[in-house]
Amino acid sequence: MLVDIHAHFYHDRAPRADREERNASRLTAGEKIGITVHVASILGSWGRTSPIYFPSPPDLTYGNDALLALQRAHPTRIRGYVCVNPNYTTHARAEIARCLSAGMIGIKLAASRRADDPLLDPICALAQQHRVPVLQHIWQHRRRDWPGQEASDASELCTLARRHPEVAFILAHIGGGGDWLHSLHAVRDVANVYVDLCGSGVDGGMLEACVEAAGVSRLLWGTDLTMCTGWAKLRYLETLLNKDEMALVRWKNAVRIFPPNAFPAD
Amino acid sequence: MRIDVNAFLGAYPWRKVPGTSPEALVKALDRAEIDEAWVTHLPSLFWRDPTEGNAWLASAARDEPRLKPVPVVHPGLAQWEQALADAVNAGAPAVRCDPLYLGLDPAGDDMRVLAAACGAARIPLMLAVRLEDGRQRHPNDVVPELSAAAVRALIRADADLRLLVTHADRGFVEEVHFGSTPEEAARIWWDICWIWGPPEDHLETLLATVGVERFVFGTGQPLRIPENSVAKLDLLDLTAEQLAAIGSDNARRMLAT
């Protein structure tokens, strides 16, 4: 089994004419790679009517509905993270309850509010209550604010994780830009932070550093926007890890932090 | 047959990178089922005189016949013509000059003279758009990325110049290709290491719009794991002829042009 814990899909309000091709391409490539389940999120309107990383409540609801529809259309292949904006606490809480009860299996936080902000606490309380992980968009070592997002880095995520030790947090795309070594230093001793291996970066030495810092029991495989790099990392990991360790990265770690029965073989 | 036109030997100054020795690179070639690699001495890209690494590179390659040295030429230094002549006489598949790493104007007089000399010597000139993702570079690593405008200027500088551009993304390739005449564009080859596969399908798009004949297999290893370039080809539905073209035939055609 192979679980992609970081996927995205587009819907009819996304500002891309090629959205259906991109969705189809993900599923086709997933078949070639051998992906069993795509755990995906939709970030509001993908920028069309509110910013990608600051999605408005109506856009979030529409995107989450679209993902629920995809989950229903592909019940064995697609599972969802409910995406929320922590600046809208009431909406976020209601959306989490609604979407988890409809079958979603995690919470996605983009970059609408810094990860160590108290506004994330009520979201994390719900994550603990429902026993679902939180996938947090991360800029690996943010040295300044970047346009279009209130990005967080690993240090800030770890601050949040220490406040909520019973919640599993996924540090998004270690290869997705920024200084991954900074992140790996930060997460080393924070047992409830898991490292998502996806991102376009395929640096030599990065995977060895992930294994060394977090251990194989805290690594999760994913693809995000570049499935080729995900497949490459999987291939390379097979030269570093034994079969049992590979099973942890491919799916067993995911099974451990997502709700029971989230995946077919669970 | 698969030729990696974009590989390095030696340490990187900005972070620890495993597998930088000739022996380790050959093991990586075996692992990724790559037959041959065109290699540059990575540390010397950062030296005042980068040609000082060429002798070590030649020596290393003598012991590993699958490694083909791509020596560096610095057209801002006296006697650079000798470095170019040495590369040609040694049968190097290309010479390398990354102008911004050498403090040169990428489309300035020095580079234009080098372009003309490479054209006259019938040897391709290789240069990289970047070596690392700009978002992760060391705070003191402030060398700008190569611009598409510079590549367009270089290919126009000499009618016999052939360019091998590495680490370019889709937007860069498109800007240069469609900003050049067909004759100019036909003298530029692109390695695939920085071009995204699915679901964005940038490589598939470029193969359809720019043409399979313009792309060569490259990895950027050991700074990047070579499995990436292999995986993105495996994700495409290419014919055996197309795979052979990207894998090695286009690189050979570039040398024979």
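Biologist: How many salt bridges does the rule find across the interface of chain B and chain A?

Modeller: This is a predicted model; local features need pLDDT of at least 70, side-chain atom pairs count only at pLDDT 80 or more, and totals for chains, interfaces and linings use all residues. Residues are numbered from 1 along each chain as its sequence is written, chains are lettered from A in the order written, and side-chain values use heavy atoms, without hydrogens or water. A salt bridge needs a side-chain nitrogen of Lys or Arg within 4 Å of a carboxyl oxygen of Asp or Glu. Across this interface the rule finds five.

Biologist: Which side chain of chain A meets Glu200(B) in a salt bridge?

Modeller: The N to O distance is 2.8 Å. The partner is Arg16(A).

Biologist: What area is buried between chain B and chain A?

Modeller: Buried area is the accessible area (1.4 Å probe) that two parts lose on being put together, summed over both. Carbon and sulfur atoms give 57% of it here. The total is about 2700 Å².

Biologist: Which residues in chain B lose the most area to chain A?

Modeller: Together they make up 26% of what that side buries. They are Arg135(B), Pro199(B) and Ile225(B).

Biologist: How many residues has the largest nonpolar core?

Modeller: Such a core joins buried (under 20% relative accessible area, 1.4 Å probe, protein chains only) Ala, Val, Leu, Ile, Met, Phe, Trp, Tyr and Cys residues through side-chain atoms within 4.5 Å. Phe169(A) and Val193(A) are among those with the most contacts inside the largest one. Its count is 79 residues.

Notes. Buried < 20%, exposed > 50% of the residue type's maximum accessible area, 1.4 Å probe, protein only.
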